[in-house]
Amino acid sequence: MTLSLWTHCQAATMQPQAVLPYGLIADAALVLDGPLLRWVGPRRELPPDLARACGTQHGAGGALITPGLIDCHTHLVYGGDRAAEFEQRLHGASYEDIARQGGGIASTVRATRQASAEQLSASASTRLRALLADGVTTVEIKSGYGLALEPERRCLEVARALERSHPVSVRTTFLGAHALPPEFAGRSDDYIDAVLAMLPLLHAQGLVDAVDVFCERIGFSLAQTATIFAAARALGLPVKLHAEQLSDSGGAQLAAGFGALSCDHLEWLSADGAAAMAAAGSVAVLLPGAFYFLRETRLPPIDLLRQHGVAMAVSTDCNPGSSPCTSLLLMLNMACTLFRLTPEEALAGVTRHAAQALGLRDRGVLAAGMRADLAVWDLEQPAQLAYSFGVRPLRQVVFAGVPQ
């Protein structure tokens, strides 16, 4: 296979033990061997024989190169939208008022169940293309708006198909325990039984990479969550958790006990929860878009996460009800301005820590042996990725070694 060489660039390698911030190499060379990186380092140190072996050479014209970005928490596949509810809330309607009128998540479930696979694919593709324009090369897509076997299967099949039709890696997460569907009103334990019946069927079809639960006072209890996590573990599937968004339920400790890849939201995370996550190696996925859109006032405990050494990822949480956002770059800015992450922490949150949140060890940094997923930017320094908003400085993406 022909080697390819990229030079005349600066590379934010995002390697954690690097001496310089961002793992920055000012005058870098990158050698790609098909879908993998063969060599990354200062251009002056590139072995001459390796340079001569490169059949294709790319001069980047001083561009900044980073790992391809990773959006590790999305609900990208759904039907309809909730713009009318957004307007209602601004006119004073409460979430409860809207729910009583058949709105809220129930309206998205209704629209998703009514949508064909083709309709779901068309709308999800539009959202995905916006993420790709921000340099995203890996995206997680959750189910959770079907809440019954066939619509959940349809959503997961659409998510899988997006990977075949776009230059992106897709990780699918089964979120059957997202909310209580209307036909199970007042019977949450019965619905958990239904989720437990769906899981092995969807897994057997190769549609599930991980399992998630919304553990919250308006979601599912610790005991119900533990039941689903135990079923996931029996199938060899990793777990994730929507945790501590509205209250401190102890969900982070429960998830950590199951070795969760991540706990997400975490505005109400306690010191005990942070310590448990640190011990388990669970990533904190921060979702500033939802915090902004819902006009929350309680910030995630960033200093507590730093104190315990918990890795922090950043994601769009793209969904119709609380974060209708398809710009991961905007989330970088919000993570800094709203949550006070540093630009380097924010960029790590959409590269190596986002990869960790998905259990992916082959991407998120620029190093030999890693996937050759690159984002090439018309920027002078990495901090500019978090500094500006409303702009898209992406010049090019390289996906699995192939320039797009």
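Guide: The model before us is predicted. Let us begin with helix α5, in which the buried residues are L120, A124, S125, R127, L128, A130, L131 and L132.

Visitor: What do the buried residues of α5 pack against?

Guide: Their partners are the strands β5 (69-71), β6 (136-142) and β14 (394-399), together with the helices α4 (105-114), α6 (149-165) and α13 (328-337). Contact here requires heavy atoms within 4.5 Å.

Visitor: How do you know what length to expect of α5?

Guide: Helix α5 covers residues 117-132, 16 residues in total, and at 1.5 Å a residue a span of 22 Å is expected. From the first C-alpha to the last, α5 reaches 21 Å, which is close to that expected value.

Visitor: Why is α13 called largely enclosed?

Guide: Eight of the ten residues of α13 are buried, so the rest of the structure largely encloses this helix. The buried residues of α13 are L328, L329, M331, L332, N333, M334, A335 and C336.

Visitor: Why is A355 called buried?

Guide: Buried means under 20% relative accessible area. A355 has 1% relative accessibility, and therefore counts as buried. A355 belongs to helix α15. Apart from neighbours within four places in sequence, A355 is in contact with I70, L360, R363 and G364.

Visitor: How do you know how many disulfides the structure holds?

Guide: A disulfide needs two cysteine sulfur atoms within 2.5 Å, and the structure holds zero disulfides. Take C72: the closest cysteine sulfur, in C263, is 12 Å from its own, so the two are too far apart for a bond. For C155, the closest cysteine sulfur is in C318 at 13 Å, again too far for a bond. C72 is buried, with a relative accessible area of 0%, and C155 is buried at 2%.

Visitor: What makes the phi of Y22 and the phi of R340 worth a remark?

Guide: Most residues other than glycine have a negative phi. Y22 has a phi near 65°, a positive value in a residue other than glycine, and R340 likewise has a positive phi near 65°.

Visitor: Is Y22 buried or exposed, and is R340 buried or exposed?

Guide: Y22 has a relative accessible area of 11%, under the 20% limit, and is therefore buried. R340 has 59%, over the 50% limit, and is therefore exposed. Y22 is found in the loop between β1 (3-12) and β2 (24-33), while R340 lies in the loop between α13 and α14.

Visitor: What makes a space a cavity and not a pocket?

Guide: In a cavity a 1.4 Å probe fits but cannot get out, whereas a pocket is open. The structure holds one cavity of 30 Å³ or more. The largest cavity has a volume of about 40 Å³, and P67, G68, T137, R363, G364, V365, R371 and D373 line it. By class, this lining has two nonpolar, three polar and three charged residues.

Visitor: Which helix supplies the largest share of the lining of the second largest pocket?

Guide: Helix α14 does, with three residues. The helices α12 (302-308), α14 (343-349) and α15 (352-357) each supply at least two residues of this lining. The second largest pocket holds about 150 Å³ of space, and its lining has five nonpolar, two polar and four charged residues.

Technical notes:
Residues numbered from 1 in each chain as written. Predicted model: local features only at pLDDT ≥ 70, side-chain atom pairs only at ≥ 80, totals over all residues. Heavy atoms only, no water. 1 Å grid on protein atoms, 1.4 Å probe; cavity = no way out; pocket = protein on both sides within 12 Å on 5 of 7 lines; lining within 4 Å. Points joined across faces, edges and corners; volume = space filled by probe spheres on them. Helix = DSSP H or I, 4+ residues; strand = E, 2+ residues; numbered from the N terminus. Nonpolar A, V, L, I, M, F, W, Y, C, P; charged D, E, K, R; others polar. Expected span 1.5 Å × (residues − 1). Buried < 20%, exposed > 50% of the residue type's maximum accessible area, 1.4 Å probe, protein only.
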